[in-house]
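Hi,

Here is the structure I promised to pass on.

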Amino acid sequence: MDRYIARSNIDHYLTRLNGSDLAPDNRSTITKMLIAEEDKLSHDLEQIEFAESRAAAGRKRLDQIRNLCGRFAFGTPERQEADRLLVNVENLQTLLEDFCHRLHARIRSSGL
């Protein structure tokens, strides 16, 4: 049951963080909550598939945002908003990749 709740929380936080309407202080709070939920699962080696699927989805979203940025002219309000969103998504992707790396390191250290 705890795994289910942690996974649900992670998905909820990812949805919120992928939005562009979060104030910086709310984004920071939700990011901390995401990290706490990932930490709960990082001791469970069975979660590697979950972590990798979220990281893969994040990479796809990151590519989409990069393509979106390229559609707007530099200096326009739309480009500035897209650039802000890109930075947020890049930071989120770093967290997802770190989650995967922690699980893979744990697998290597356990000799599995």
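**What I found**

The side chains of Glu37 and Lys40 are joined by a polar contact of 3.0 Å (a pair of N or O atoms within 3.5 Å, where within protein one must be able to donate a hydrogen and the other to accept it, and residues adjacent in sequence count only if both atoms are side-chain atoms). Before you go further: this is a predicted model, in which local features need pLDDT of at least 70 and side-chain atom pairs count only at pLDDT 80 or more, while totals for chains, interfaces and linings use all residues. Residues are numbered from 1 along each chain as its sequence is written, and side-chain values use heavy atoms, with hydrogens and water left out.

Now the overall picture. The chain has 4 helices and 0 strands (DSSP runs numbered from the N terminus: H or I of at least four residues for helices, E of at least two for strands). From the N terminus on, the order is α-α-α-α. Taken along the principal axes, the C-alpha atoms fill a box of roughly 50 × 25 × 15 Å. Of the 112 residues in the chain, 32% are buried (under 20% relative accessible area, with exposed over 50% and partly exposed in between, using a 1.4 Å probe and protein chains only). If you count the contacts (heavy atoms within 4.5 Å) with a separation of 6 or more, 73% of them are between residues 24 or more positions apart.

Back to Glu37, which sits in helix 2 (residues 24-41). Is Glu37 buried or exposed? Its relative accessible area is 8%, so Glu37 is buried. Leaving out neighbours within four places in sequence, Glu37 is in contact with Ala6, Asn9, Ile10 and Tyr13.

How do the two helices sit together? The axes of helix 1 and helix 2 come within 9 Å and cross at roughly 150° (axes are lines fitted to C-alpha atoms, for helices over the stretch in contact, and angles run from 0 to 180 degrees between N-to-C directions). Helix 1 is therefore roughly antiparallel to helix 2 (angles over 145 degrees; under 35 is roughly parallel, 65 to 115 roughly perpendicular and the rest oblique). Leu41 is 39 residues from Asp2 in sequence, yet their C-alpha atoms are 9.2 Å apart in space. Asp2 belongs to helix 1 and, at 65% relative accessibility, counts as exposed.

Helix 1 also packs with helix 4, at an angle of about 155° and with the axes 10 Å apart, which means that these two are roughly antiparallel as well. Leu14, Leu17 and Asn18 of helix 1 meet Leu85, Val89, Leu92 and Leu96 of helix 4 there.

Helix 4 (residues 77-110) has 34 residues and reaches 50 Å from its first C-alpha to its last, close to the 50 Å expected at 1.5 Å a residue (1.5 Å times one less than the number of residues). Its buried residues pack against helix 1 (2-18), helix 2 and helix 3 (48-70). One of the buried residues is Arg79, at a relative accessible area of 11%. The side chain of Arg79 reaches the backbone oxygen of Phe72 at 3.1 Å. Not counting residues up to four places away, Arg79 touches Cys69, Gly70, Phe72, Ala73 and Phe74.

Cheers
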